[in-house]
Amino acid sequence: CSTVEAENFNATVSMGNFTGGLVQSSSFTAEVAIGNFDLGRLESSKICTVKAGMGNIGLTVDGRPDDYALDLQTSMGNVVFNGRTMSSIYTQTAAAPRSVTLTAPMGDVVLTTTQ
């Protein structure tokens with residue numbers, strides 16, 4: 001998909017990759033059982049949850065790093081936040097009501113903010 005606007009966005013992929021350009025949604029949920037998740041940009045999201053069972057997650061969200069409460073986890077990969085490699089579990093609390101939860105037990109988690 002290139003551009004999608006929706007109040008709530010939910011996607012489930014059993015086998016294969018999820019690739020997208022721009023999504024504007026206040027609630028975003030995606031699960032990829034076997035394959036990679038790659039979204040060029042997510043805007044206006046208050047709650048974002050992505051799980052890739054066996055694959056990598058790549059996501060860019062609008063705003064600043066401290067706009068979000070973060071829960072980024074992997075067991076057999078790397079967590080990278082704004083170009084910095086973190087431990088396999090990275091959490092951050094924020095006063096802002098926006099949250100991103102990315103879980104990839106067998107892959108890398110890469111999150112970037114636009115500011």
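# Notebook: exposure, strands and salt bridges

**Entry 1: Met76.** I looked up Met76 first, and Met76 counts as exposed because its relative accessibility is 59%. I noted the cut-offs: buried is under 20% relative accessible area, exposed is over 50%, and partly exposed is in between, with a 1.4 Å probe and protein chains only. The model is predicted, so I kept its limits in mind: local features need pLDDT of at least 70, side-chain atom pairs count only at pLDDT 80 or more, and totals for chains, interfaces and linings use all residues. Residues are numbered from 1 along each chain as its sequence is written, and side-chain values use heavy atoms, with hydrogens and water left out.

I then found Met76 in the loop between strand E8 (68-74) and strand E9 (79-81). Strands here (E, at least two residues) are DSSP runs numbered from the N terminus, as are helices (H or I, at least four residues).

Entry 2: I traced an open sheet of six strands with mixed pairing, in the order E2-E4-E6-E12-E8-E11. Strand E2 (8-15) and strand E11 (89-92) each have a single partner strand and stand at the edges, so one side of each has no neighbour in the sheet. The twist averages 5° from one strand to the next; the axes are lines fitted to C-alpha atoms (for helices over the stretch in contact), with angles from 0 to 180 degrees between N-to-C directions.

Strand E6 (residues 47-54) and strand E12 (residues 98-104) run parallel and are joined by five bridges; two strands pair if DSSP finds at least two bridges between them. I checked Val50, and it stands opposite Leu102 in E12. As background, strands of a sheet pair through backbone hydrogen bonds, either parallel or antiparallel.

Entry 3: Is Glu43 buried or exposed? I found Glu43 buried because its relative accessible area is 15%. Glu43 belongs to strand E5 (residues 37-43). I left aside its neighbours within four places in sequence and found Glu43 in contact (heavy atoms within 4.5 Å) with Leu22, Val23, Gln24, Ser25 and Asp62.

Ser44 sits in the loop between E5 and E6, and it counts as partly exposed because its relative accessibility is 44%. I wrote down its phi as near 65°, which is positive in a residue other than glycine. Most residues other than glycine have a negative phi. Asn82 is not a glycine either, and I read a positive phi of about 50° for it. I placed Asn82 in the loop between E9 and strand E10 (84-86), and it is partly exposed because its relative accessible area is 31%.

**Entry 4: salt bridges.** How many salt bridges does a search of the whole structure find? The search finds four; a salt bridge is a side-chain nitrogen of Lys or Arg within 4 Å of a carboxyl oxygen of Asp or Glu.

I looked at Asp62 and Arg98, which form a salt bridge with their closest N and O atoms 2.8 Å apart. Asp62 is in the loop between strand E7 (57-61) and E8 and Arg98 is in strand E12, so the pair ties together parts that are 36 residues apart in sequence. Both Asp62 and Arg98 are buried.

Next I turned to Arg64. It forms a salt bridge with Asp66, with the closest N and O atoms 3.1 Å apart, and its side chain also meets that of Asp67 in a salt bridge (3.2 Å, N to O). Shared partners join Arg64, Asp66 and Asp67 into one network of salt bridges. Arg64 is partly exposed because its relative accessibility is 40%, whereas Asp67 counts as buried at 15%.

I finished with Asp66, in the loop between E7 and E8. Asp66 is partly exposed at 49% relative accessibility. With neighbours within four places in sequence left aside, Asp66 is in contact with Gln92 and Ala94.
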